[in-house]
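Okay, everyone, thanks for coming. Let me put the structure up and then walk you through two spots in it.

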Amino acid sequence: MTQKEKLELQITACKVRIGIIEGTYNAKCGHPGGSLGMSDTLTYLYMKHMNIDPNNPNNPKRDRFVLSKGHNAPALYSVLAQRGYFPVDELKTLRKIGSRLQGHPVMGSVPGVDFSTGSLGQGFSAACGMALSGKSDNSSYKVYTFLGDGEIQEGQVWEAAMFAAHYKLNNLIAFVDNNGLQIDGRVEDVMSLGSIQGKFEAFGWNVICIDGHDFEQIENALKETAQSSDKPSVIVQKTIKGKGVAFMEDKAAWHGTAPNKEQYISAMAELKARIAVLEAGEGGEK
Amino acid sequence: MSDTVKKATRDGYGDGLVKLAELRPDMVVLDADLAAATKTGVFAKVNPEKFFNCGIQEQNMMGVAAGVASTGKLVFASSFAMFAAGRAFEIIRNSIAYPKLNVKIGATHGGISVGEDGASHQCNEDIALMRVIPNMTIINPSDYIEAEAAVLAMAEHIGPAYLRFGRLAAPVFNDNPDYCFKIGKGNQLRDGNDAAIIATGLMVSEALSAHDELKERGINARVINIHTIKPLDKEIIINAAKETGKIITVEEHSVIGGLGSAVCDVLSEVYPIPVKKIGVEDVFGYSGPAAELLKKFGLSCECIVKAVMS
């Protein structure tokens, strides 16, 4: 990855974050924390990695993306808008009556949304089904899915994990967004997970651990998943909930709370200032 | 009525799947370690590359079914009614019905006639659970012929459907050249204007026997088979109410939320008349031979006759 490419990704990720703040501020509700935290990986997937085309969103050969942690819809909508699936301005309609940008993603209504999610654990199973279908057709598409670390407390997740390994779904790449927080507090306090890596390894997965805010690590991890010949892959990424907006970082309170006007102004100023720095070519650090 | 041949509706399911695979090469069948009992094993034997066992994970199976369907395929997902409609309810609601995916849930071992396994496996709640989910079609075939016809009808049906089948070998009576299965269309099997027996599933053959007994006593009871609980054939029900003035519903399901409730929902708004609901009262079942249990729970020809006479 060249320095220029990295800067471009960082700038786009800031724009994705701006869309998240715009959406949740206008909705006066929603889930900005986790959305901000996963923005870097989503940006890389949608801008650099996945085989997708905003002009042909239902192409049967396309790569699929399932946001199993469906409450982070603001991030998905924002990256889809940045990728050209619909106008960025539409993000302001998030959660409003008549908007196709429902509180949690709905397939069929929003171009680019490949599955309806919101109830935790379910998207992961659906992603397994898509991967199974592709594999049995010898289709080359890949299926990407994003789970929260809190989400993997759901039993269904481990049913799906067992299933994907059994059917050798090496076309399935899951991300576990390990920000250590869930609505009620620290994951370790609410329901500790033990070793996420160890659990997935025991289930027969190819496990890669990265810093989810480092584009080079994201890129390398995804390259590594392509080498897996008979195992599904999971990328366990350490992220900071609320990343990019200083007052939101690493605070469970921002799981499902929208910024008020003052906070909105502050967050937007911070993100725009960051873009200015990056555009001046002075960024590049994580 | 040729009650000499007895076959379970779950056999109609398995045989129907094999026939459907010839019409729909894009078809996939999933099961959760019950393929021998649900009869998806019959399909698996002929089409091993289109069959995927999910192990004992009904929740994941429904999600996988939804994911496969999202790629454009026709998917059947099978388990016992208890675990399909019960355990996986919310996955069916959110991952299958909400996005209107083309998943057909083949739920066998519905009702009290599961028998010896007892209450943990006797699902008398599934129709109620499925009825409240938008976009869901519910079909409860009355015999082997109808079970197979219902499966074949899925070739043209787009969207979620719940198909309920029974474990028990039951009389085959739809084996006549005039038989026609149409989703959402009830079949009037016997004419009569003294009362109308509206039955579904295993109880239709009991209703036919009741018709014969009542006739000997000079009572002409109409018999209507409602194989599609949702969307309900309102017209046939309203006409029966108007023309007979007395409705008896019969189902191998709780009296709460099933066919009886669906019929009352229609009649209470359009043509309110007294309706006697025969079904499993608000209790759990217990172990025993199916035939004896059906009698114990009042799901028999005699109970229907008594209800019509009273």
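This is a predicted model: local features need pLDDT of at least 70, side-chain atom pairs count only at pLDDT 80 or more; totals for chains, interfaces and linings use all residues.

Residues are numbered from 1 along each chain as its sequence is written, and chains are lettered from A and ligands numbered from 1 in the order in which they are written.

Back to Val64(B): it sits in helix H4 of chain B, residues 58-70 (helices are DSSP runs of H or I, at least four residues, and strands are E runs of at least two, numbered from the N terminus). Buried or exposed, then, is Val64(B)? Buried, because it has 35 C-beta neighbours inside 10 Å, and the cut-off for buried is 20 or more. Its C-alpha is 8.8 Å from that of Cys54(B), ten residues away along the chain.

Now the sheet. In chain B, five strands form an open sheet, ordered E9-E11-E10-E13-E14, with mixed pairing; strands pair if DSSP finds at least two bridges between them. E9 (187-190) and E14 (275-280) of chain B are at the edges with a single partner strand each, so one side of each has no neighbour in the sheet. Inside chain B, E10 (195-199) and E11 (221-225) run parallel over five bridges, and Ala196(B) stands opposite Arg222(B).

Definitions and conventions:
A residue is buried if 20 or more other C-beta atoms lie within 10 Å of its own, exposed if 12 or fewer, and partly exposed in between; C-beta atoms are placed from the backbone.
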